[in-house]
Amino acid sequence: MKTLRLSLFATSVLLASGVTFANTFVEGKDYKLAPQVGKVDVPGKIEVREFFWYGCPHCHTLEPYMQKWLTTLPNDVNFLRTPAAMNPVWELHARAYYTSEALGMRRKVHLPMFWVMHEGRQRMGSQQEIAQFYTRYGADINKFNSLFNSFSITGKINQSKQLAAHYQLSGVPAIVVNGKYIVQGENQRTVDIVQFLVDKERNAMKKAS
C-alpha cells in the first residue's frame, strides 16, 4: 500500500509539472527529422501533411485513427492530405483524389475509395473504372473525364512528386509535421506521435514569440 501511495504521488508530481508519459517518444526511433525542412502552406500554423495511397493497406488501416484525430483538430493546426504519386499506379489514384476535390465531392468519395479497394477488392486500375465509381456518388462523368488529365490536376500531381522527393519518402503512410518531422505507422500510436510533435512545435512557437 505504501508503494502504491508513493507511485500515485510521483505520478501527480509529474502531471503537475507538465511532464506526461507521452513525452517518451524519441527522435530516430519513433519519428525522424526531415532531411531538409519544408515550407508550410499557412505560415503561423502548425502543418500536418499526410502522404497516402488508396491502394496501401497500411494507409487504409491508419485512416480511422486519423479521422478520429481530425475531430479534435485545434485552430492552430493546418491539416493537408497529399496523395503520393511516386509511380504510375499511385499517380492514377492521386489524380482521382485531386479530381474529387475539383468536383467538390472529396468528402463523399474519400473513405469509399479506401473501402472499395480493400474491402470490396476492386483494383480501381483505370480512369474509366474510377469514373464509373464516382458516378455512384453523383459525379458527372464528362466533367470527371475533362478534369482527370487537365493542366490543373497535373500541376497538383507534380507538386505531390516534388514534396515526396523533398522529404525523400520511400513509402506511405508518411505524416510530415510542420515540415520538420516524419512519422510512419498505421495505428493509434502513430497519431499519438503526431500529436506529441504538434505540441512540441506549439511550445517552440510560444517560446519564440
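Helices H2 and H4 (residues 106-118) pack at an angle of about 145°, and their axes lie 10 Å apart. Here axes are lines fitted to C-alpha atoms, for helices over the stretch in contact, and angles run from 0 to 180 degrees between N-to-C directions. This is a predicted model, where local features need pLDDT of at least 70, side-chain atom pairs count only at pLDDT 80 or more, and totals for chains, interfaces and linings use all residues. Residues are numbered from 1 along each chain as its sequence is written, and side-chain values use heavy atoms, with hydrogens and water left out.

**H2 and H4**

- The crossing of H2 and H4 is left-handed; that label applies if the near helix is turned anticlockwise from the far one by less than a right angle, and right-handed is the label if clockwise.
- On the H2 side, Pro57, Cys59, His60, Glu63 and Gln67 meet His110, Leu111, Phe114 and His118 of H4, where contact means heavy atoms within 4.5 Å.
- Sort the residues of this H2 and H4 contact by type and you get four nonpolar, four polar and one charged. For that sorting, Ala, Val, Leu, Ile, Met, Phe, Trp, Tyr, Cys and Pro count as nonpolar, Asp, Glu, Lys and Arg as charged, and the others, Gly among them, as polar.
- Thr61 also sits in H2, which covers residues 57-70.
- With a relative accessible area of 35%, Thr61 is partly exposed; buried means under 20%, exposed over 50%, and partly exposed is in between (1.4 Å probe, protein chains only).
- Thr61 and His118 are 57 residues apart along the chain, and 9.8 Å separates their C-alpha atoms.

**The whole chain**

- You'll find eight helices and five strands in the chain. Helices (H or I, at least four residues) and strands (E, at least two) are DSSP runs, numbered from the N terminus.
- Follow the sequence and the pattern reads α-β-β-α-β-α-α-α-α-α-β-β-α.
- The chain has 209 residues, and 42% of them count as buried.
- Take the contacts in the chain with a separation of 6 or more: 70% of them come from residues 24 or more positions apart.

**H3 and its two partners**

- H3 (residues 88-102) packs with H7 (residues 151-166) at an angle of about 125°, with the axes 10 Å apart.
- H3 and H7 are therefore oblique to each other. As for the cut-offs, angles under 35 degrees count as roughly parallel, over 145 as roughly antiparallel, 65 to 115 as roughly perpendicular and the rest as oblique.
- H3 and H7 make a right-handed crossing.
- Glu91, Ala94, Arg95, Tyr98, Thr99 and Ala102 from H3 meet Ile153, Thr154, Lys156, Ile157, Ser160 and Lys161 from H7. The residues of this H3 and H7 contact come out as five nonpolar, three polar and four charged.
- Ala94 of H3 is buried, at a relative accessible area of 1%.
- Setting aside residues up to four places away in sequence, Ala94 touches Pro83, Ala84, Ala85 and Ile157.
- Between the C-alpha atoms of Ala94 and Ile153 there are 9.2 Å, and the two residues are 59 apart along the chain.
- H3 also packs with H5 (residues 127-135), this time at an angle of about 30° with axes 11 Å apart, and the crossing is right-handed.
- In that pairing, Leu92, His93, Ala96, Tyr97 and Ser100 of H3 meet Gln127, Ile130 and Tyr134 of H5. That contact of H3 with H5 holds five nonpolar, three polar and no charged residues.

- Ala174 is in strand S4 and counts as buried at 0% relative accessibility.
- Ala174 and Phe51 are 123 residues apart in sequence, yet 5.2 Å apart in space, C-alpha to C-alpha.
- Asn178 sits in the loop between strand S4 (174-177) and strand S5 (181-183), and is buried with a relative accessible area of 10%.
- The Asn178 side chain makes a polar contact with the Glu201 side chain (2.7 Å). A polar contact is a pair of N or O atoms within 3.5 Å; within protein, one must be able to donate a hydrogen and the other to accept it, and residues adjacent in sequence count only if both atoms are side-chain atoms.
- Arg202 belongs to helix H8 (residues 188-208) and is buried, with a relative accessible area of 17%.
- Not counting residues up to four places away in sequence, Arg202 touches Ile46, Pro74, Asp76 and Val77.
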